[in-house]
Amino acid sequence: MFVLTWVFVLFTFTHALERFVPSHQEWHLSCRADGYFDLPQTQAASSVVSELLLTFTLENQYAALRYHLGNESLPAESIVLQGHVVKVDFGALNYQLQMQLKSKKLNDDSILLGYLLNELTVDETQLINGETLPLEVQLNSINDDQLQATLTFIPSNSIWSCEIIPAVLPQPH
Amino acid sequence: MQIGCCWFDKERRLLTDQAKSTQWHLNDHEYWVLEQLVQHRGQVVPLTALQTVVLDSGAHQLPHNELVGIIYHVIDYLCAKHSNLVEYIPQQGVILYPATQGKHTKILDLPNRLLTCGQYGIIIVALLAVLLFVLSNLNPPLFAKADVIRQVLTADGQVVQLSVFDNQSPQDAILHADCLSTQLQQCHDVRWNSISAAISTDRHYVSFILSQSESQSLQFKNIKLSVNDMHSPFITQEWLHKVLICG
């Protein structure tokens with residue numbers, strides 16, 4: 001019974017700790033995809049392969065998403081979103097974020113914008129006007145040697161397989 | 001032996017209060033009285049029996065005043081923490097109770113005291129409540145289980161694990177899984193041994209993750225595809241070659 005009391009106290013304590021202490025978990029994910037997107041105007045050019053890059057950064061409460069899309073026929077496009085972590089569920093490595101558009105470089109009839117509106121599940125005006133965007137992502141299938149993880153966007157069901165970049169250790173001066 | 005919070009050392013005729021770290025060296029008379037009480041623990045020892053002191057040197061009578069003095073001293077010493085351990089019944093006798101019946105008020109007043117059944121019950125209920133609360137907050141991983149899983153044997157004898165994730169329409173998931181597995185079977189050189197496909201909620205995009213685990217390293221590749229009509233199959237041999245799944 002004495003032991004049970006302590007188990008109870010310990011349980012409550014760790015649970016409270018998990019709730020209130022900010023996470024010091026860091027993630028640096030580098031993801032690359034071949035994109036086969038319909039170009040809005042020229043259907044003939046739909047066979048063009050685009051290179052879509054995503055960098056996902058999570059440092060303590062800071063979060064950033066950097067998208068870059070490039071192909072042979074059109075100028076490169078990019079979008080940077082920055083924000084912070086609202087809630088973390090360690091049980092499922094689920095992160096709820098509040099993001100905001102930081103910078104953008106888009107073409108007319110942007111391919112990247114169309115893709116992001118789907119992946120982030122937001123309105124075009126919401127995104128472009130720099131409104132706060134709620135975003136939920138989940139990390140799963142982290143492989144044994146911690147080099148690869150799957151990033152899932154909720155609720156759009158978009159998945160990325162990403163390389164985990166090890167956190168850079170501070171160098172002695 | 002233990003009496004309340006005191007240790008009674010019969011050989012050294014010593015009564016040690018462990019809580020206060022004090023000692024009482026008992027003289028012949030004091031030892032006799034306490035020894036009688038211990039021997040008849042739980043019974044009333046008559047004053048007449050206590051008054052007749054039997055020592056090695058012989059027996060003699062103890063004056064009534066001295067006996068009462070010793071009894072009160074014993075009560076003071078033993079009953080500081082454990083009230084009602086020794087009870088003096090004037091003109092009759094003295095009783096040393098087998099165990100004290102203390103009141104259990106503090107839960108953490110352990111291990112000297114025991115929890116009552118009620119307190120034990122409260123702890124168990126609270127523990128279960130916390131457990132349920134924590135479990136309810138643990139979301140199961142969303143991608144723990146694919147909606148459709150297929151194992152495809154390709155033309156060159158390789159097995160490809162195919163997983164399709166679709167949280168909207170199982171029909172579409174089955175359609176594309178069947179389509180992809182049929183096309184993969186005709187492939188002569190599949191570079192990947194696991195293919196995952198996730199159909200977006202708005203039905204306009206499909207994300208593919210191709211992976212190939214070799215002895216040490218894991219190779220993977222993402223493919224993003226926009227689809228005009230998700231309800232019709234779009235995967236053809238030509239497409240598999242174009243996106244480098246085949247060949």
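User: Before we begin, how are residues and chains labelled, and what pLDDT do local features need?
Analyst: Residues count from 1 along each chain as its sequence is written, while chains are lettered from A and ligands numbered from 1 in the order in which they are written. As this is a predicted model, side-chain atom pairs count only at pLDDT 80 or more, totals for chains, interfaces and linings use all residues, and local features need pLDDT of at least 70.

User: Which element of chain B has the highest mean pLDDT?
Analyst: pLDDT is the predictor's confidence in each residue, from 0 to 100. Chain B averages 82, and 88% of its residues score at least 70. Among its elements, which are DSSP runs numbered from the N terminus (helices are H or I with at least four residues, strands are E with at least two), strand β1 (residues 2-3) has the lowest mean, 82, and the highest, 91, belongs to β12(B).

User: What ipTM does the model score?
Analyst: Two scores come with the model as a whole. Its pTM is 0.62, and its ipTM is 0.79.

User: How many residues does each chain bring to the contact, and how many on the chain B side are nonpolar?
Analyst: Two residues are in contact if their C-beta atoms, placed from the backbone, lie within 7 Å. Chain A brings 38 residues and chain B brings 39. On the chain B side, α4 (117-137), β12 (194-199), β13 (205-213) and β14 (218-226) each give two or more residues. Sorted by class (Ala, Val, Leu, Ile, Met, Phe, Trp, Tyr, Cys and Pro are nonpolar, Asp, Glu, Lys and Arg charged, the others, Gly among them, polar), that side has 2 charged, 12 polar and 25 nonpolar residues.

User: Which strand of chain B pairs with β1 (residues 26-36) of chain A?
Analyst: Two strands pair if DSSP finds at least two bridges between them. The sense is parallel, over 4 bridges, and the partner strand is β14(B).

User: Within chain A, which residue is the bridge partner of A:Ser30?
Analyst: β1(A) also pairs inside its own chain. It runs antiparallel to β2 (residues 50-59) of chain A over 10 bridges, with A:Trp27 partnered by A:Leu58. It is antiparallel to β8 (residues 158-164) of chain A as well, over 3 bridges. In β8(A), the partner of A:Ser30 is A:Glu163.

User: Is A:Val88 buried or partly exposed?
Analyst: A residue is buried if 20 or more other C-beta atoms (placed from the backbone) lie within 10 Å of its own, exposed if 12 or fewer, and partly exposed in between. A:Val88 lies in strand β4 (residues 77-89) of chain A. Because it has 19 other C-beta atoms within 10 Å, A:Val88 is partly exposed.

User: Which residues of helix α1 (residues 28-39) of chain B are buried?
Analyst: This helix has 12 residues and reaches 16 Å from first C-alpha to last, close to the expected 16 Å (1.5 Å times one less than its number of residues). Its buried residues pack against elements of chain B including β2 (6-9), α3 (64-78) and β9 (93-96). They are B:Glu30, B:Trp32, B:Val33, B:Leu34 and B:Leu37.
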